[in-house]
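Hi there,

Here is the structure I promised to pass on.

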Amino acid sequence: MYAVNLNGAQGVIPELDEVFRKVFLKRPSLRYVARSRQDKNGNAFVFDVYDGIDWVGEAAWKNYTPSRGEAKMMFHVHSPNIKKDRYPRDTLLTTKASSAIKTLLDTDIIKPRPVDEKVKQKLESAVSELDSLMSRVQYRMEWRAKPPELLSFLFACRDGENPKIEDYSSIIKNLTPENEKAMGDYAVLEELEKQVARGSFHCIEYEVDESLTAYSSATNSIIYQGKSTYELPQWAQGKLAMLKMVENGQAIRGVGFRYEDGNAAGDRVVYVLIDGEIPDMVE
């Protein structure tokens, strides 16, 4: 069986079935795991492509709307090894099944990424997501605070300048609940940023099939792969349990934060845990 259905996907449609069958004859090691549901018009079929146990790309049949022209159904073959001059730079878009088949058979394109590259990408993604969260909180403070000097007051306190209370008495007096929450959120994120900058964090990535992968910033390596959190240290289990109780994009002081990585279906959630140590459990 070359294709597996997960997450309520409705099977392999004829267009992709033709592609998968012909690729299977020449490259039987590839398999395709249904990742997304159809959209309301039945126009989105997305499959993760694996070579053995390694993820090597995506294959899809879905709508594409160019900057000029009408939307139409096309094959999408995605790989980090596809490097085009035009957007989307890492995805082949074609209406021809033969082109999709040729790309999936190309072992220079559809191939596993080195583990160290995977780790680097995951850790950089976590740092980038934290920066994005901080920017959104700053936006809330700048544009929702009245007066906007609230942000200056917060930075002055952060930098140890000990601003005179009378200079900001009107700000403090007129703080709204939203202002106070934004200030609290920023303080938590700033503390996390300092710990992340020291390289003291782990990324725990959950897939839709409940498998998880742990990445360490200390060793720049994958330190655990499996389906059980019980094999992780107690401190990591506790922090994971706390982060599972909040929404994506939220942080907890002294614990970490969580975010959604990948497609909009929520198939991949990443939990970033600060401090602590997870021993290398990869054989």
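**Rings and cores**

Let me start with a charge and a ring: Arg-31 places its charged end over the ring of Tyr-50, 4.9 Å from the ring centre. Please keep in mind that this is a predicted model.

Aromatic pairs come next, and the structure has five of them. One of them is stacked, because the ring centres of Phe-20 and Tyr-32 are 3.8 Å apart and the planes meet at 5°. Phe-20 belongs to helix H1 and Tyr-32 to strand E2, so this pair ties together parts that are 12 residues apart in sequence. Are these two residues, Phe-20 and Tyr-32, buried or exposed? Both Phe-20 and Tyr-32 are buried. Together with Phe-47, Phe-20 and Tyr-32 make up one aromatic cluster.

Now to the nonpolar cores. The largest one has 23 residues, and within it Leu-16 and Val-19 touch the most other members. Two or more residues of this core come from each of helix H1 (14-26), strands E2 (30-34), E3 (44-51), E4 (54-64) and E5 (72-78), and helix H2 (97-105).

Which residues does Leu-16 contact once its neighbours within four places in sequence are left aside? They are Phe-45, Phe-47, Ala-60, Trp-61 and Phe-75.

Methods
Residues numbered from 1 in each chain as written. Predicted model: local features only at pLDDT ≥ 70, side-chain atom pairs only at ≥ 80, totals over all residues. Heavy atoms only, no water. Core = buried A, V, L, I, M, F, W, Y, C linked by side-chain atoms within 4.5 Å. Buried < 20%, exposed > 50% of the residue type's maximum accessible area, 1.4 Å probe, protein only. Helix = DSSP H or I, 4+ residues; strand = E, 2+ residues; numbered from the N terminus. Contact = heavy atoms within 4.5 Å. Phe/Tyr/Trp six-rings, centres within 6.5 Å; stacked < 30°, edge-to-face > 60°. Lys NZ or Arg CZ within 6 Å of the ring centre and 35° of its normal.
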